[in-house]
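The following note sets out several points on the aromatic side chains and the pocket of the structure shown below.

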Amino acid sequence: MIFAAGLGTRLKPLTDTMPKALVRIGGEPLIKHVILRLKDAGFQRIVVNVHHFAQQIIDYLEENEHFGLDIRFSDETEQLLETGGGIKKARDLFDPHSPVLIHNVDILSNVDLTAFYDHACASGAEATLLVSERQTKRYLLFDEEYRLVGWTNKETGEVKSPHDWVKDELQSLQMLAFSGIHVFSPALFPMMDQWPDRFPIIDFYLNACATHPLSGYVADNLRMIDVGKLNSLQQAEEFLLDEETSIAGQS
């Protein structure tokens with residue numbers, strides 16, 4: 001699933017006339033970069049949620065014949081449902097027997113998506129989150145076995161966890177930054193029945209980790225960029241050039 005419904009407010013004025021998914025990096029829309037990465041990794045069915053300038057995304061993918069894939073749309077034009085609500089609404093569009101790889105449309109990375117997905121499927125975890133040691137304000141908290149146990153904002157000192165012991169043992173936990181890429185097991189859908197239509201997936205994961213195995217996955221030599229702000233566009237162009245050079249050097 002590609003999260004493409006966001007308003008892209010940090011990319012204004014570009015997103016005053018187009019969805020974030022169609023903002024171009026290296027001459028091509030963000031959503032094309034993500035779709036081709038997923039296609040190269042072996043994925044055949046992709047669900048795209050749409051809200052802001054939804055028809056532009058639908059038209060673009062239809063004009064490109066869905067890049068030869070089975071692409072389905074989850075329509076959120078009536079209400080933007082956030083990340084958790086977006087997954088919940090799209091439930092019937094997924095294969096109920098297979099974990100779902102979720103990918104934000106504004107994330108570019110060098111992660112091996114096939115290896116990440118295969119690890120998630122084999123691990124027994126009901127959600128696996130791609131994380132890294134990059135510097136940020138907000139971190140997910142993991143124990144020594146990379147099981148998710150909480151969240152913290154280092155700037156404010158706020159801690160969220162279903163476990164009472166997490167605040168006392170904060171310094172012994174691993175603080176890792178979420179990448180916007182994760183694998184979600186359909187086994188978690190029954191828990192979502194108790195949640196409203198609109199909610200963030202991280203809030204859901206922080207609740208679910210009390211009773212369900214959720215884990216972090218640290219990719220070796222992970223390079224990624226969040227193309228969420230105007231000042232990140234040039235960095236994203238450079239990132240793509242670096243990746244193309246790296247791939248050419250390996251071939």
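1. The charged end of lysine 160 lies over the ring of tryptophan 151, 4.9 Å from the ring centre; the criterion is NZ of Lys or CZ of Arg within 6 Å of the ring centre and within 35 degrees of the ring normal. The model is predicted, with local features requiring pLDDT of at least 70, side-chain atom pairs counted only at pLDDT 80 or more, and totals for chains, interfaces and linings using all residues. Residues are numbered from 1 along each chain as its sequence is written, and side-chain values use heavy atoms, without hydrogens and water.

2. There are nine aromatic pairs (rings of Phe, Tyr and Trp, the last by its six-membered ring, with centres within 6.5 Å; planes under 30 degrees apart are stacked, over 60 edge-to-face, the rest tilted). Among them, tyrosine 60 and phenylalanine 67 are tilted, at 6.1 Å centre to centre and 50° between the planes. Phenylalanine 184 and phenylalanine 189 are edge-to-face, at 5.0 Å and 65°.

3. Tyrosine 60 and phenylalanine 67 are both buried (under 20% relative accessible area, 1.4 Å probe, protein chains only). Phenylalanine 184 and phenylalanine 189 are both buried as well.

4. One aromatic cluster is formed by Trp195, Phe199, Phe204 and Tyr205.

5. The largest pocket has a volume of about 1,500 Å³ (an open set of points on a 1 Å grid over the protein atoms alone, where a 1.4 Å probe fits, with protein on both sides within 12 Å along at least five of seven lines; lining residues have an atom within 4 Å of a point; the volume is the space filled by probe spheres set on the points). Of its 43 lining residues, Arg10, Asn104, Arg138, Phe178 and Asp226 are the closest to the centre.

Key:
Buried < 20%, exposed > 50% of the residue type's maximum accessible area, 1.4 Å probe, protein only.
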